[in-house]
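Colleague: Could you take one part of this model and go through it closely? I would like to know where it sits and what is packed around it.

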Amino acid sequence: MNEQVADKIRGVIFGQAIGDALGVGTEFMSKKRVRKFYPDGLSGYDQIIQDGHRRKWVQGDWTDDTEQMLCIMDSLLALGRLDAQDIARRIIAWA
């Protein structure tokens, strides 16, 4: 794999994790609640309200979405192909 492709893959992984960590701020909220708590948008971890759901994470932590993506990536790297059973085993082990 050339360095340019590897750099793009790293960018996707980091972007997903960063977006997930910021996205927890609105996870499971209705549009109405998002507008109430983030009237000017959500652009920083320090803006994330600390209700019962969001208090589970430290600012900047990613969620189970990223953990599961990492299970998929680990499987792809280990096997060099898509194997749903291997991915399932990794997710179960993580859980």
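Modeller: Ser 75 belongs to helix 3 (helices are DSSP runs of H or I with at least four residues, numbered from the N terminus). The model is predicted, so local features need pLDDT of at least 70 and side-chain atom pairs count only at pLDDT 80 or more, while totals for chains, interfaces and linings use all residues. Residues are numbered from 1 along each chain as its sequence is written, and side-chain values use heavy atoms, leaving out hydrogens and water.

Ser 75 has a relative accessible area of 0% and is therefore buried (under 20%; exposed is over 50%, partly exposed in between, with a 1.4 Å probe and protein chains only). Leaving aside residues up to four places away in sequence, Ser 75 touches Gly 80, Arg 81, Asp 83, Asp 86, Ile 87 and Arg 90 (contact means heavy atoms within 4.5 Å).

Helix 3, residues 64-79, is also what the buried residues of helix 1 pack against. The axes of helix 1 and helix 3 lie 9 Å apart, at an angle of about 155°. The two helices are therefore roughly antiparallel (angles over 145 degrees; under 35 is roughly parallel, 65 to 115 roughly perpendicular, the rest oblique). Helix 1 brings Ile 9, Ile 13, Gln 16, Ala 17 and Asp 20 to this contact, and helix 3 brings Asp 65, Thr 66, Met 69, Leu 70 and Met 73.

On helix 1, the buried residues are Ala 6, Ala 17, Asp 20 and Ala 21. Because they cover an arc of only 105° around the axis, they lie on the same side of helix 1 (the arc is taken from the directions from the helix axis to the C-beta atoms). Gln 4, Lys 8 and Val 12 are exposed, on the face of helix 1 turned away from its buried side.

Terms used:
Axes are lines fitted to C-alpha atoms, for helices over the stretch in contact, and angles run from 0 to 180 degrees between N-to-C directions.
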